[in-house]
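Thanks for coming, everyone. I'll walk you through one structure today, piece by piece. Here it is.

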Amino acid sequence: MRTIADHLIDIAENSVNAGSKSVEIHLYEDETKFEFEILDDGRGMGDKQVSKIFDPFFTTKNKKTGLGLPLLKEYAELTGGSVEVISKENEGTKVKVLFKKTIDCQPIGDIAQAFATLVTSSDQVLWKIIRCNQDNCYDFSSEDVRDLDLTNPHNIKSIFEYFKRLEAAFR
Ligand SMILES: Nc1ncnc2c1ncn2[C@@H]1O[C@H](COP(=O)(O)OP(=O)(O)OP(=O)(O)O)[C@@H](O)[C@H]1O
Ligand SMILES: [Mg+2]
């Protein structure tokens with residue numbers, strides 16, 4: 001089953017594919033809602049393109065289906081939530097997502113795994129993460145692990161375990 005963590009990966013991958021040098025993820029959760037914002041400094045989009053991105057199968061990439069944003073919007077709106085995209089050509093994009101924790105809300109999934117997957121997927125991108133559960137927050141910057149060789153499986157495993165410990169402290 002598709003989870004909110006899967007959406008998070010998908011939207012952040014859009015930022016990577018847009019040539020971003022830096023991607024920020026802000027994720028906030030409480031008893032009633034789960035929201036995240038992804039900000040990038042990638043190539044951005046003009047208004048005409050933004051008006052098409054929620055059309056199923058709209059894609060500008062090879063070997064992609066163009067379902068990332070439409071599916072996210074459908075699932076978020078099913079809970080009474082929303083997806084908002086603000087973009088400027090050659091400047092960057094902000095995607096703001098709200099899921100309300102109703103009966104129709106998808107499972108949140110493995111947030112630790114999603115963060116670790118993104119952070120270890122490329123050392124070309126500077127990741128900044130702020131994650132809050134009510135008043136409890138942690139943050140992460142890929143600058144913190146600048147000296148780690150991400151082609152070394154041992155280091156990759158350490159990053160997965162690091163996020164797992166942070167997330168476990170929330171539950
Ligand atoms: N952060 C972004 N910066 C620039 N363009 C974006 C961004 N996010 C989405 N887009 C544009 O919107 C299109 C649709 O995105 P969407 O995630 O729905 O599909 P996709 O990434 O092409 O394919 P899929 O997600 O199904 O693998 C992308 O092909 C891209 O042109
Ligand atoms: Mg996508």
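Let's begin with Asn 62. Asn 62 sits in the loop between α2 (47-50) and α3. Helices here are DSSP runs of H or I of at least four residues, strands are E runs of at least two, and both are numbered from the N terminus.

A word on the source. This is a predicted model, where local features need pLDDT of at least 70, side-chain atom pairs count only at pLDDT 80 or more, and totals for chains, interfaces and linings use all residues. Residues are numbered from 1 along each chain as its sequence is written, while chains are lettered from A and ligands numbered from 1 in the order in which they are written.

Is Asn 62 buried or exposed? Asn 62 is exposed, because 5 other C-beta atoms lie within 10 Å. The cut-offs: buried takes 20 or more other C-beta atoms within 10 Å of a residue's own, exposed takes 12 or fewer, and partly exposed is in between, with C-beta atoms placed from the backbone. From Asn 62 to Phe 160 is 98 residues in sequence and 30 Å in space, C-alpha to C-alpha.

Now the opposite case. Phe 34 belongs to strand β2. Phe 34 is buried, because 22 other C-beta atoms lie within 10 Å. Phe 34 touches Ile 4, Glu 29, Phe 99, Lys 101 and Ile 108, leaving aside residues up to four places away in sequence. Contact means C-beta atoms, placed from the backbone, within 7 Å.

Stay on β2. Its side chains alternate. Phe 34, Phe 36, Ile 38 and Asp 40 point to one face and are buried.

Who are the neighbours of β2? β1 runs antiparallel to β2, joined by 7 bridges. Strands pair if DSSP finds at least two bridges between them. Val 23 has Asp 40 of β2 as its bridge partner. β1 and β2 make a hairpin with 3 residues between them. β4 is also antiparallel to β2, through 8 bridges. There, Lys 33 has Lys 100 of β4 as its bridge partner.

Another hairpin: β5 and β6, with 2 residues between them. Gln 134 in that turn has a positive phi of about 50°. β5 and β6 pair antiparallel over 6 bridges.

Next, helix α3, residues 68-78. Its buried residues are Leu 69, Leu 72, Tyr 75 and Ala 76. Down the axis of α3, these fall within an arc of 135°, so they line one face of the helix. That arc is taken from the directions from the helix axis to the C-beta atoms. Their cover includes α1 (4-17), β3 (82-88) and β4 (92-100).

What about the core? The largest nonpolar core has 32 residues. Such a core is a set of buried Ala, Val, Leu, Ile, Met, Phe, Trp, Tyr and Cys residues joined through C-beta atoms within 7 Å. Among those with the most contacts inside it are Ile 38 and Leu 72. α4 gives the largest share, 7 residues.

Last, ligand 1. It has 22 residues around it, the closest being Asn 14, Ala 18, Thr 59, Lys 64 and Gly 68. Near means a C-beta atom, placed from the backbone, within 6 Å. α1 and α3 each supply at least two residues of this shell.

Definitions and conventions: Two residues are in contact if their C-beta atoms, placed from the backbone, lie within 7 Å.
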